[in-house]
Amino acid sequence: MPRIRVEVDGATYEDDVEPRLLLVHYLRERLGKVGTPVGCDTSNCGACTVLMDGMSVKSCSVLAVQADGRDVTTVEGLGVNGVPHPMQRAFHEEHALQCGYCTPGMIMASLDLLREDPDPSEDEVREGLEGNLCRCTGYQNIVKAVRRAASEMREPAGQEVTP
Amino acid sequence: MIPATFDYVRPASLDDAVTALSDAGEDAKVLAGGQSLMPLLRMRLAIPDALIDLDRVGGLREIRDAGDAIVIGAMATHYQVIRDPLVREHAPLVAETTETVADPAVRHRGTFGGSLAHADPAGDLPAVALALDAVFLVRSVRGEREIPASEFFVDWMTSAMEPDELLVGVRLPKLGAGWGVHYEKFHRTAQAWAIVGVACAVRRSGDGIEDARVALTNMGPAPVRAGAVEVAVKGGPASEDAFRTAAAQAAAGTEPPADLHGSPEYRTHLATVLTARALAAAAG
Amino acid sequence: MTVQEVGSPRKRSEDARLITGRTRWTDNMTPAGTLHVAFLRSPYAHARIANLDTSQAKRSPGVVAVFTGQDLAEEQGSLPCAWVVTEDMKHPDHPSMAVTEVRYVGEPVACVVARDKASAVDALEEIDADYEPLSAVVDMEAALADGADLVHEDLGTNKSYTWVFENGDLDAAMRDAPVVIERRYVQQRLIPTAMEPRSVLCVPDGDEFTLYSATQIPHILRLMLATVTEIPEHRIRVVAPDVGGGFGSKLQVYGEEVIALLLARRLGRPVKWTETRSEGNMTVHHGRDQIQRLTLAAERDGRIRGLKVDLLADMGAYLMLVTPGIPLLGAFMFNGIYKMDALSFTCTGVFTTKVPTDAYRGAGRPEATFAIERLMDELAAELGIDPIEVRRHNWIKHEEFPYETIAGLTYDSGNYEAATDKALELFEYDKLRAEQADRRERQDPVQLGIGVSTFTEMCGLAPSRVLGSLSYGAGGWEHAAVRVLPSGKVEVVTGSSAHGQGHETAWAQITADRLGVPFEDVKVLHGDTAISHKGMDTYGSRSLTVGGVALFAACEKVVDKARTVAAHLLEASEQDLEFTGGRFSVRGVQQEGKTLQEIALAAFAAHDLPDGIEPSLDSDATFDPDNFSFPHGTHLCAAEVDTETGMVKLRKYVAVDDVGKVVNPLIVEGQVHGGLAQGIAQALYEEAVYDADGNLTTTTMADYLIPSAKDLPTFTTDRTETPATSNPMGVKGVGEAGTIASTPAVVNAIVDALRPHGVKDVPMPCTPERVWLALRGESKAAVDTSAQPGAGGGLGSAGGDQ
């Protein structure tokens with residue numbers, strides 16, 4: 001069994017893993033990081049989106065062995081000292097979630113979107129989130145939340161922004 | 001679901017990779033970005049004995065200038081391709097089309113070479129490679145060879161590569177000045193595959209069309225070049241009427257598939273409409 | 001004085017755990033020793049099980065046990081159907097795991113229990129299963145023909161029941177009617193697709209069991225599990241932890257839940273099963289699937305005389321919890337908001353070899369609303385009248401409420417004029433009509449269509465006596481309890497079981513206002529039968545209109561009791577006390593008073609209570625509504641239709657809903673948005689497709705198209721507010737309204753765009769190909785059998801080299 005070394009949300013893990021183990025199952029079952037859920041088996045829904053070396057990936061479509069030597073951030077790694085990340089806060093403020101199952105992936109994909117474009121238009125947000133499905137909100141408030149977070153994250157200083 | 005078990009090999013060099021592939025035999029699969037392969041593994045539609053992961057093979061992600069062509073390394077990600085200055089300058093059709101592939105997270109992992117080697121007739125990039133007369137650079141323990149795009153896509157999910165061969169890169173002739181490009185993708189939702197796609201490049205000269213390349217996505221078991229359209233527009237005016245007339249032949253000789261989203265008849269119709277639109281957009 | 005909570009856009013208290021990934025989904029829980037279950041499922045739509053050899057699988061590494069349906073035949077019972085709609089309804093046995101015969105692709109036949117998921121899944125491949133294929137029964141109309149292949153041989157027919165409702169003289173209405181419109185509409189099969197897949201974990205403790213499940217109905221599930229397995233009800237505790245959406249799909253008693261309980265009992269260890277999406281698409285109950293034959297008779301001036309409705313409803317292979325009743329929930333809605341002289345409704349339930357149908361957001365009412373709202377547009381077109389005008393001509397006027405409809409319901413309240421006027425203004429109706437005329441004039445290849453849907457629906461399920469009259473197996477009340485803790489903090493227990501709706505916030509708002517305590521001082525508990533012993537759970541837009549009203553009543557009881565205690569403590573008479581801002585004071589003597597918190601502490605200490613008053617202020621209430629709830633609204637949709645390709649693009653969508661008094665406008669708007677998305681998706685994108693052999697071809701999200709953010713427009717939503725008169729809060733349901741209203745609005749817009757081309761209908765989903773075919777005067781069968789592996793994309797994508 002290959003041995004991997006992965007940083008996840010700031011902690012380092014070394015584990016022997018079966019090659020077939022998916023990153024999302026590694027996170028959930030080996031590390032207990034159940035904040036990242038699984039919503040499909042075809043990488044359509046995006047619920048399992050995490051950041052790997054700062055870029056969004058669907059953790060159901062990455063093998064744990066492929067994460068060897070990488071730095072992974074999940075929704076559980078956002079925020080500082082219990083203070084939520086501006087993106088998390090914006091989802092709350094704009095009522096951008098109902099059942100919340102898509103929310104971890106939606107938040108991580110949104111962060112990736114802002115890394116690329118700190119001030120996206122409504123259409124750009126909709127396009128940027130095309131890989132993440134939500135069944136509750138009709139997306140309208142998600143779009144608002146991302147733009148709200150973008151605006152807050154563009155504000156200089158004052159607020160700790162991770163990652 | 002959970003993939004069946006497999007052996008995992010992560011070669012560090014190209015030599016090691018082709019050796020591993022040769023050693024692993026026919027039931028091995030090459031893991032590039034894995035964005036098409038992983039769902040197949042999870043659904044157990046693919047049950048390989050071994051995966052050969054190219055992730056750490058040096059040099060395969062490089063995109064370089066090769067004089068009258070550029071070479072895109074097989075492991076260059078879609079994300080990388082879209083932003084690469086060489087691609088944007090010399091193969092803008094590749095950049096534009098790649099932006100329509102899947103979604104951002106998939107584009108971070110998915111690779112140019114992987115998409116082409118997968119040879120899915122609904123994939124967007126094969127038609128582009130065909131339209132641009134790409135050359136596939138292939139390697140095995142037996143040596144290197146080049147396969148022109150016109151010979152690379154053999155059948156449904158089947159390329160001309162032998163089981164022990166690895167795609168290392170794709171050479172794309174530079175288009176040069178005067179070319180306009182467009183990829184017209186027609187799909188039901190953002191995530192859905194193209195029902196039909198048209199990859200198009202035209203060189204204008206004044207009010208006329210000097211040269212044209214047109215290839216179609218999902219109009220057969222492999223991408224097809226719409227040769228009749230190219231002939232019809234070449235030397236003609238750059239007008240919507242001319243494009244429509246030429247595009248009427250877009251589906252000639254194709255064998256469009258039937259699926260949930262369209263019958264062969266509908267695809268045939270779409271090919272003509274979309275080809276006219278693609279020509280017009282490319283001609284700007 | 002505290003702020004008014006009810007009516008304010010309070011941000012949800014649920015969110016804190018959901019945005020941080022600290023959620024308790026069922027699949028997140030894995031107690032020590034948990035065993036994992038995987039199911040072997042039928043690859044055939046219809047077959048006899050010839051042989052199931054599990055010996056090899058039992059020896060597979062990590063496998064603890066393997067069971068077939070035969071192994072559990074004695075104890076698994078039959079899955080329940082709570083709605084026997086007619087006395088002679090055919091109601092076949094429905095084992096959790098098939099014993100002798102399979103009747104849909106995906107039906108479980110065996111299960112593996114192993115130390116981990118991978119071992120369980122691996123061992124499935126070691127089970128040797130032989131089937132003798134039987135004929136698939138896919139098409140409802142063919143299924144009813146003489147000599148048709150039978151789904152259940154022993155029943156002798158594929159007809160489950162025929163249910164009839166008639167009122168008024170239909171013959172008279174139809175006789176010599178100047179205008180008669182006949183249509184056949186198909187409600188395609190839909191897969192509810194809650195984002196959280198189903199998951200169940202059963203933890204044994206001696207002869208008692210705690211079953212965690214991603215369910216909408218912990219209370220009903222407990223009772224049904226007890227009934228099916230004969231484990232006493234008080235030995236079963238059902239917990240619905242955080243549940244990731246349901247839309248009706250988790251209003252069910254699933255075989256996997258029963259099996260988990262049986263396995264936990266047999267093995268004495270926790271067992272867990274979580275479905276994959278492709279497994280779920282095949283086996284979660286589906287929604288809709290009706291063929292509607294409709295005849296509308298009207299006068300030349302547009303006045304409706306009568307409507308005849310003849311339905312075939314696809315039950316699938318078995319009758320599940322409320323399968324046969326779903327289409328009947330629409331029976332009373334085909335008349336919509338309109339007055340007419342006669343209504344005739346006939347529904348025949350048909351067995352096919354497909355997964356059973358059951359509730360999906362709207363459940364019966366979207367089908368009915370689609371039919372009448374499509375017909376109203378057809379009537380307008382036939383008469384050359386504006387579709388708004390033909391509706392105005394027929395709808396119940398606001399001064400006519402309460403109004404007894406031809407379907408026998410009493411609509412308590414409504415103002416269709418107000419909602420429509422507001423919608424027309426927001427939509428800029430006249431401007432868009434002008435643009436439409438211009439595009440028609442120019443023969444623009446992209447045509448513009450405007451679709452109207454003026455809808456109402458019956459929700460807030462349901463008055464128990466009405467359910468009784470419909471032969472439903474239970475009542476429709478809801479329960480709430482309020483516990484005032486010694487510190488003055490408040491716990492609310494509700495029998496509703498939220499799975500994304502926001503009860504924790506809305507219920508706290510109601511409580512805060514009624515008791516005059518801060519919002520933050522209220523904790524709402526739900527979804528656990530050990531905490532909430534009494535409840536009817538969440539579906540049918542019932543939580544607020546039934547459960548919220550129960551809470552309202554329970555709060556009143558707390559205040560009444562507190563008043564008695566306060567009067568005693570203040571040495572005043574109860575009549576002299578006033579209660580404002582959470583404080584009792586003697587009228588006119590503001591400085592003398594007792595806060596609710598002080599009274600709670602006194603009631604807790606019980607040192608000095610009036611005679612006959614029990615310690616604590618705790619109270620509870622059960623509310624059984626007198627009537628349904630009738631939200632309504634006007635939705636307008638503008639669609640651009642590319643006549644060359646058939647592609648439809650929504651240009652503008654305006655929804656003005658009237659859901660009565662609003663507790664939390666943020667939550668209401670969110671419900672409307674989500675409802676619209678699902679209704680639009682039915683119109684444009686979604687369809688569960690079975691091929692001629694009964695194979696589901698849309699098993700994944702690559703094939704069953706759920707719209708993404710990029711596929712949906714920005715909605716313009718607004719409200720009018722006509723309080724319900726049927727409950728003291730004036731509230732109406734909102735959970736399903738958007739879904740019910742939007743589907744016909746979208747299809748009406750598409751047909752409106754194409755009407756100059758002679759198009760009168762486009763079957764749903766209105767795919768580009770179907771629009772193109774409609775323009776050519778052709779139609780494509782609702783069940784498409786042409787899918788071939790030769791096409792690229794989707795999961796045809798097996799193979800490939802790299």
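So, burial in chain A: 64% of its 163 residues are buried, and "buried" here says that 20 or more other C-beta atoms, placed from the backbone, lie within 10 Å of the residue's own. Keep in mind that this is a predicted model, where local features need pLDDT of at least 70, side-chain atom pairs count only at pLDDT 80 or more, and totals for chains, interfaces and linings use all residues. Residues are numbered from 1 along each chain as its sequence is written, while chains are lettered from A and ligands numbered from 1 in the order in which they are written.

Okay, overall size. With 163 residues, a compact globule would have a radius of gyration near 15 Å, and chain A agrees, at 15 Å. That radius is taken over C-alpha atoms, and the globule rule is 2.2 Å times the number of residues to the power 0.38. Along the principal axes, the C-alpha atoms of chain A fill a box of roughly 45 × 35 × 25 Å.

Now the fold. Chain A has five helices and five strands, in the order β-β-α-β-β-β-α-α-α-α. These are DSSP runs, numbered from the N terminus: H or I over at least four residues for helices, E over at least two for strands.

What does chain A touch? 46 of its residues are in contact with 39 residues of chain C, where contact puts the backbone-placed C-beta atoms within 7 Å. On the chain A side, helix 2 (86-93), helix 3 (103-116), helix 4 (122-128) and helix 5 (140-154) each supply at least two residues.

Conventions. Two residues are in contact if their C-beta atoms, placed from the backbone, lie within 7 Å. A residue is buried if 20 or more other C-beta atoms lie within 10 Å of its own, exposed if 12 or fewer, and partly exposed in between; C-beta atoms are placed from the backbone.
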